[in-house]
Amino acid sequence: MHLIGWLSLRTGLILSALRTPSFRDQLADRERIARDAHTASITATFDALGVTPPVGPAFLALIVHALEADRAPGPPLPPSQGG
């Protein structure tokens with residue numbers, strides 16, 4: 001139920017931002033801060049592993065942020081069963 005509540009809140013914030021230009025700017029800043037944090041984390045992880053990312057860390061961060069923000073409601077994905 002927590003995830004559904006979060007997605008409802010997020011949807012409400014986005015709808016409010018569409019109607020209120022000043023709030024839209026604030027929400028855009030918040031989204032940018034989250035993507036920048038993802039970019040820094042992804043960069044640090046790849047650097048620590050000594051691996052070159054398959055695409056730029058900023059693009060990977062955009063994907064992670066989109067998945068985090070817009071995941072459809074439902075139970076968490078189960079861990080893979082090996083193989």
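## Overall surface and model

The protein chain exposes about 6300 Å², and carbon and sulfur atoms supply 68% of this area. Accessible areas come from the Shrake-Rupley method with a 1.4 Å probe, and for residues only the protein chains shown count as cover. Of the 83 residues of the chain, 16% count as buried; buried means under 20% relative accessible area, exposed over 50%, and partly exposed in between (1.4 Å probe, protein chains only).

This is a predicted model, in which local features need pLDDT of at least 70 and side-chain atom pairs count only at pLDDT 80 or more, while totals for chains, interfaces and linings use all residues. Residues are numbered from 1 along each chain as its sequence is written, and side-chain values use heavy atoms, with hydrogens and water left out.

## Confidence

The predictor's confidence in each residue is given as pLDDT, from 0 to 100. The protein chain averages a pLDDT of 81, and 78% of the residues score at least 70. Confidence is lowest in helix α1 (residues 2–19), at a mean of 78, and highest in α2, at 91. Where pLDDT is low, the predicted coordinates should not be read in detail.

## Fold

The protein chain has three helices and zero strands, and its elements run α-α-α from the N terminus on. Helices (H or I, at least four residues) and strands (E, at least two) are DSSP runs, numbered from the N terminus.

Contact means heavy atoms within 4.5 Å. Among contacts between residues at least 6 apart in sequence, 44% join residues at least 24 apart.

## Helix α2

Helix α2 has 29 residues and reaches 42 Å from its first C-alpha to its last, close to the 42 Å expected at 1.5 Å a residue. The expected span is 1.5 Å times one less than the number of residues in the helix. After α2 comes glycine 50, with a positive phi near 70°.

The buried residues of α2 are Leu27, Glu31, Ala34, His38, Ile42 and Phe46. An α-helix has 3.6 residues a turn, so residues three or four places apart point the same way.

## Salt bridges

A salt bridge is a side-chain nitrogen of Lys or Arg within 4 Å of a carboxyl oxygen of Asp or Glu. By this rule, the count comes to two salt bridges. In one, arginine 30 pairs with glutamate 31, and their closest N and O atoms are 3.9 Å apart. Glutamate 31 counts as buried because its relative accessibility is 12%, whereas arginine 30, at 42%, is partly exposed.

Aspartate 36 and arginine 32 also form a salt bridge, at 3.3 Å from N to O. Both residues lie in helix α2 (residues 21–49), four residues apart, about one turn of the helix. Aspartate 36 is partly exposed at 42% relative accessibility, and arginine 32 is partly exposed at 39%.

## Helix α3

Histidine 65 is found in helix α3 and counts as buried, with a relative accessibility of 5%. Leaving aside neighbours within four places in sequence, histidine 65 is in contact with Arg30, Glu31, Ala34, Arg35 and His38.

Isoleucine 63 is placed in helix α3 (residues 57–70) and is partly exposed, with a relative accessible area of 38%. Together with Val55, Phe59, Leu62 and Leu67, Ile63 makes a nonpolar surface patch of about 450 Å². Patches are made of residues with over 30% relative accessible area and no salt bridge; like charges are joined within 9 Å, and nonpolar side chains (Val, Leu, Ile, Met, Phe, Trp, Tyr) within 5 Å.
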